[in-house]
Structure formats: C-alpha cells, structure tokens
Amino acid sequence: MREEVAEVDIRLGARLAALRAEHGWSLGELAERSGISRSTLSRAERAETSPTAALLNRLCHVYGRTMSQLLSEVEAEPAPLLRAAEQPVWEDRDSGFLRRSVSPPHPGLRGELVEGRLTAGADIAYDRPPVAGLEQHIWVLDGALEVTERDVTHRLAAGDCLRMRVWGPTRFRCADDTGVRYLLAVVRP
C-alpha cells in the first residue's frame with residue numbers, strides 16, 4: 001500500500017502544481033490566498049510530503065473544489081459501478097484519518113459518498129469549507145463522533161445522522177476508544 005500511496009501523492013502534487021499554474025499564481029500568491037507557507041506548498045507539489053486533510057481543505061477552498069473532486073482529478077474516470085476493492089483510498093497518517101471514496105464525484109452529478117475512519121483520539125479541524133454552502137449528511141456506522149460546526153458540537157453514536165450546510169469552520173473528533181467509522185454524503189450547492 002505504501003507504493004500506491006506514494007503514486008497518489010505524486011499525481012496529487014502534479015495536479016496541485018497544475019492548478020496553481022492554471023490560475024497564474026506564484027507560490028507566494030497561493031500562500032497568501034491559502035494561509036499555507038510557500039515551503040509547505042512547494043513540498044506538496046513536489047510530492048516530498050503527503051498533504052494533510054486540513055491542508056487539502058484549504059487548497060480546495062482556494063480552488064473552489066470539494067476534496068473528493070480534487071482527489072478524483074488524480075484518479076482515472078470513475079466507472080458507474082465501483083467494486084469495494086476498486087474504491088480509491090486516501091490516508092492522512094498524521095491525523096489518523098482514512099478516506100474511502102465509495103461513490104466518487106462524476107460529471108453531471110452533484111452528490112458523492114465517502115467512508116471516513118478516524119482512529120481513537122483523532123481530531124481534524126477545517127478552518128473553512130472547500131465550497132461555501134456545501135451540504136453534508138454524516139451517518140455514524142460504528143463508534144462515536146463529535147462534529148463541531150461553527151460553535152455547535154454534536155455527539156453522534158452509531159446509527160445517528162447529522163445533516164448540515166457548511167458555511168464556516170468544522171471539526172471532526174473521534175469520541176470512541178476504538179475509533180469511528182462513518183458515511184459522509186456530500187452534495188455540492
């Protein structure tokens with residue numbers, strides 16, 4: 001799996017560099033727009049480091065994409081039927097977050113399904129949504145999850161579903177000693 005992750009990081013870095021070039025921005029301009037240091041952006045574009053979920057979220061905000069859209073751009077065009085073994089997986093090892101794109105974005109469709117897994121103690125904070133007004137439905141499959149949207153914290157147990165439109169900061173925290181697994185339905189506005 002390490003080699004597969006490395007290949008994804010290489011394609012992701014190339015796509016990030018291409019997006020910056022498409023906008024005609026220098027590393028400095030992108031750093032100002034995203035709040036990410038030039039050196040971190042440079043290392044991510046050269047695939048010297050695997051970007052964290054929080055870093056990708058900031059870049060998605062700047063480029064007006066969901067994280068799934070960005071990640072799908074480095075994968076092959078998704079087929080109508082995606083077997084479990086073929087679903088793209090991305091891991092943020094630093095934060096303990098594993099993301100499986102169950103139903104990746106597809107041209108002409110606004111929704112997608114993502115399976116998220118957080119290890120015990122994992123805590124991911126996003127300072128802004130990748131796309132303002134993004135609709136999310138979070139259904140906890142196993143474990144417990146705390147989701148904070150702006151200043152309101154919701155504690156979800158297995159079977160619970162939280163529906164929201166994301167306009168500001170959010171935080172996902174594993175609230176279980178054994179980890180949490182959830183399904184995230186994302187619908188672009």
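Me: Which side chain meets Glu146 in a salt bridge at 3.1 Å, N to O?

Reply: Side chains of opposite charge can pair when their charged atoms come close. A salt bridge is counted when a side-chain nitrogen of Lys or Arg lies within 4 Å of a carboxyl oxygen of Asp or Glu. Here the partner of Glu146 is Arg173, at 3.1 Å from N to O. Arg173 belongs to strand E9 (residues 170-174) and Glu146 to strand E6 (residues 144-149), so the pair ties together parts that are 27 residues apart in sequence. Helices (H or I, at least four residues) and strands (E, at least two) are DSSP runs, numbered from the N terminus.

Me: What should I know about the model before reading on?

Reply: This is a predicted model, in which local features need pLDDT of at least 70 and side-chain atom pairs count only at pLDDT 80 or more, while totals for chains, interfaces and linings use all residues. Residues are numbered from 1 along each chain as its sequence is written, and side-chain values use heavy atoms, with hydrogens and water left out.

Me: How many salt bridges does the structure hold?

Reply: The structure holds 13. Glu146 also meets Arg155 in one, at 3.8 Å from N to O. Another joins Arg15 and Glu22, whose closest N and O atoms are 2.9 Å apart. Salt bridges also link Arg100, Glu115, Arg117, Asp142 and Arg181 in a network.

Me: Is Arg15 buried or exposed?

Reply: Buried means under 20% relative accessible area, exposed means over 50%, and partly exposed is in between (1.4 Å probe, protein chains only). Arg15 has 17% relative accessibility, so Arg15 counts as buried.

Me: Where is Glu45 found, and which residues does Glu45 touch?

Reply: Contact means heavy atoms within 4.5 Å. Glu45 is in helix H3 (residues 38-45) and is buried, at 14% relative accessibility. Leaving aside residues up to four places away in sequence, Glu45 touches Gly13, Ala14, Leu16, Ala17, Arg20, Leu27 and Leu30.

Me: At what angle do the axes of H2 and H4 cross?

Reply: Axes are lines fitted to C-alpha atoms, for helices over the stretch in contact, and angles run from 0 to 180 degrees between N-to-C directions. The axes of H2 (residues 27-34) and H4 (residues 53-63) come within 9 Å and cross at roughly 100 degrees. That makes the two helices roughly perpendicular; the cut-offs are under 35 degrees for roughly parallel, over 145 for roughly antiparallel, 65 to 115 for roughly perpendicular, and oblique for the rest. On the H2 side, Leu30, Arg33 and Ser34 meet Arg58, Leu59, Val62 and Tyr63 of H4.

Me: Which residues touch the most other members of the largest nonpolar core?

Reply: A nonpolar core is a set of buried Ala, Val, Leu, Ile, Met, Phe, Trp, Tyr and Cys residues joined through side-chain atoms within 4.5 Å. The largest one has 45 residues, of which Leu118, Ile138, Leu145 and Tyr182 touch the most other members. H4 gives the most to this core, with 7 residues. Not counting residues up to four places away in sequence, Ile138 touches residues including Leu145, Val147, Leu156, Phe172 and Tyr182.
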